[in-house]
Structures are given as C-alpha cells and as structure tokens.
Amino acid sequence: MKKGGILNPKINQLISETGHTDYIVVTDAGLPIPENVTHRIDLALKEGVPGFLETLDTVLTELEVEKVILAEEVKTVSPEMHDQIVSRFPNLPIEYVPHVEFKQQTKQARGLIRTGEFTGYANVILVAGVVY
C-alpha cells in the first residue's frame with residue numbers, strides 16, 4: 001500500500017507519464033471530456049464531491065507546472081473561484097482564452113480529471129513544467 005500522496009492509481013499514472021509542456025486538465029462536473037484524450041479520469045461522485053480546489057491542490061503536490069490556461073469567462077461568472085485558482089500560481093503566467101477555445105485546447109491534453117464541482121468555469125489547463 002502506498003504510504004501517502006495521491007492514492008488514485010490513474011492520477012499517479014497520468015502524472016508519471018506527463019512530460020514538459022503536456023497538458024493536464026482539472027475540470028468541474030460539466031466540462032465535456034474529449035474522447036481522444038489518453039487519460040479520462042472521472043472522480044465526480046455527487047455535487048461538490050470531490051471539490052475542484054481540493055483536487056487541484058492534490059495534483060499540484062506532485063506536478064510541476066510552468067503555465068496555466070483559464071477560460072476568460074471565469075473572471076466574471078465565478079470571480080471567487082477565479083481568485084482562488086489564481087492564488088495558487090503567484091509566479092506563473094496565466095493565459096485567458098474564450099471558453100469555446102478552452103474546450104478545443106482540452107483535446108490536446110494528456111489527461112483530464114473531472115471533479116464534482118458545480119461552480120461555473122471551474123476548469124484549468126495545467127501546462128507541465130520541468131523540475132530541473
């Protein structure tokens with residue numbers, strides 16, 4: 001048995017296989033998950049479980065990130081969630097794109113992790129960095 005950290009084997013595999021500049025997407029319950037994505041990890045159990053921020057924080061314990069991509073709409077539709085997301089990346093570039101373009105970019109992701117979050121536009125594309 002693993003002693004700690006991320007226990008979900010699919011998330012462990014996704015992070016282990018991720019290379020520099022690969023995309024990992026952490027999503028709310030409503031974002032469509034493209035069929036072509038290698039790792040489609042659906043954690044949604046019920047409304048709010050697991051939460052987006054809790055899931056994001058857990059992924060960030062093991063993934064090096066060099067850039068973040070958000071939907072432009074999160075700033076106005078869910079400003080509190082926007083502020084919470086941005087606060088986790090104080091020294092990283094954040095790119096904003098229209099939600100339609102955001103959904104198109106998810107098709108390039110190595111993997112998506114779907115949460116039970118019901119807050120609009122609580123989605124983030126994490127662009128993997130390198131630890132050296």
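Colleague: Let's start with Thr-21: buried, partly exposed or exposed?

Modeller: Thr-21 counts as partly exposed, because its relative accessibility is 43%. The cut-offs are under 20% relative accessible area for buried, over 50% for exposed and partly exposed in between, with a 1.4 Å probe and protein chains only.

Colleague: Before I go on, what should I know about the model itself?

Modeller: It's a predicted model, so local features need pLDDT of at least 70 and side-chain atom pairs count only at pLDDT 80 or more, while totals for chains, interfaces and linings use all residues. Residues are numbered from 1 along each chain as its sequence is written, and side-chain values use heavy atoms, with hydrogens and water left out.

Colleague: OK, back to Thr-21. Where is it, and what is its phi?

Modeller: Thr-21 is in the loop between helix 1 (9-17) and strand 1 (23-27). Its phi is positive, about 75°, although Thr-21 is not a glycine. Helices (H or I, at least four residues) and strands (E, at least two) are DSSP runs, numbered from the N terminus.

Colleague: Which loop holds Tyr-121, and what about its phi?

Modeller: Tyr-121 is in the loop between strand 5 and strand 6, and it has a positive phi of about 65° without being a glycine. Tyr-121 is partly exposed because its relative accessible area is 24%.

Colleague: And what joins Val-49 and Pro-50?

Modeller: A cis peptide bond, with omega about -15°. Pro-50 belongs to the loop between strand 2 and helix 2. For background, most residues other than glycine have a negative phi, and most peptide bonds are trans.

Colleague: Zooming out: how many helices and strands does the protein chain have?

Modeller: Five helices and six strands. Along the sequence they follow the pattern α-β-β-α-β-α-α-β-α-β-β.

Colleague: What is the order of the strands in the sheet?

Modeller: The six strands form an open sheet in the order 2-5-1-6-3-4, with mixed pairing. Strand 2 and strand 4 (94-97) are the edge strands, each pairing on one side only. From one strand to the next, the twist averages 20°. That angle is between lines fitted to C-alpha atoms, for helices over the stretch in contact, and runs from 0 to 180 degrees between N-to-C directions.

Colleague: In which sense do strand 2 and strand 5 pair?

Modeller: Strand 2 and strand 5 (residues 111-114) pair in the parallel sense, over four bridges. Two strands count as paired if DSSP finds at least two bridges between them. His-39 sits opposite Gly-111 of strand 5, and Ile-41 sits opposite Ile-113 of that strand.

Colleague: Which residues of strand 2 are on its covered face?

Modeller: His-39 and Ile-41 are on the covered face of strand 2 (residues 39-42), with Arg-40 and Asp-42 on the uncovered one. In a regular strand the side chains alternate between the two faces of the sheet.

Colleague: Which residue does Arg-40 form a salt bridge with?

Modeller: Glu-35, with the closest N and O atoms 3.8 Å apart. A salt bridge here is a side-chain nitrogen of Lys or Arg within 4 Å of a carboxyl oxygen of Asp or Glu. Glu-35 counts as exposed because its relative accessibility is 67%, while Arg-40 is partly exposed at 37%.

Colleague: How many salt bridges are there in the whole structure?

Modeller: Seven. One of them joins Arg-88 and Asp-57, whose closest N and O atoms are 2.5 Å apart. That pair links distant parts of the chain, 31 residues apart: Arg-88 in the loop between helix 4 (79-87) and strand 4, Asp-57 in helix 2 (residues 52-60). Glu-72 and Lys-75 form a salt bridge too, with 2.8 Å between the closest N and O atoms.

Colleague: Last topic, overall size. How does the radius of gyration fit a compact globule?

Modeller: It agrees: a compact globule of 132 residues would be near 14 Å, and the protein chain has 14 Å. That radius is taken over C-alpha atoms, and the globule rule is 2.2 Å times the number of residues to the power 0.38. The C-alpha trace spans about 45 × 35 × 30 Å along its principal axes, and 44% of the 132 residues count as buried.
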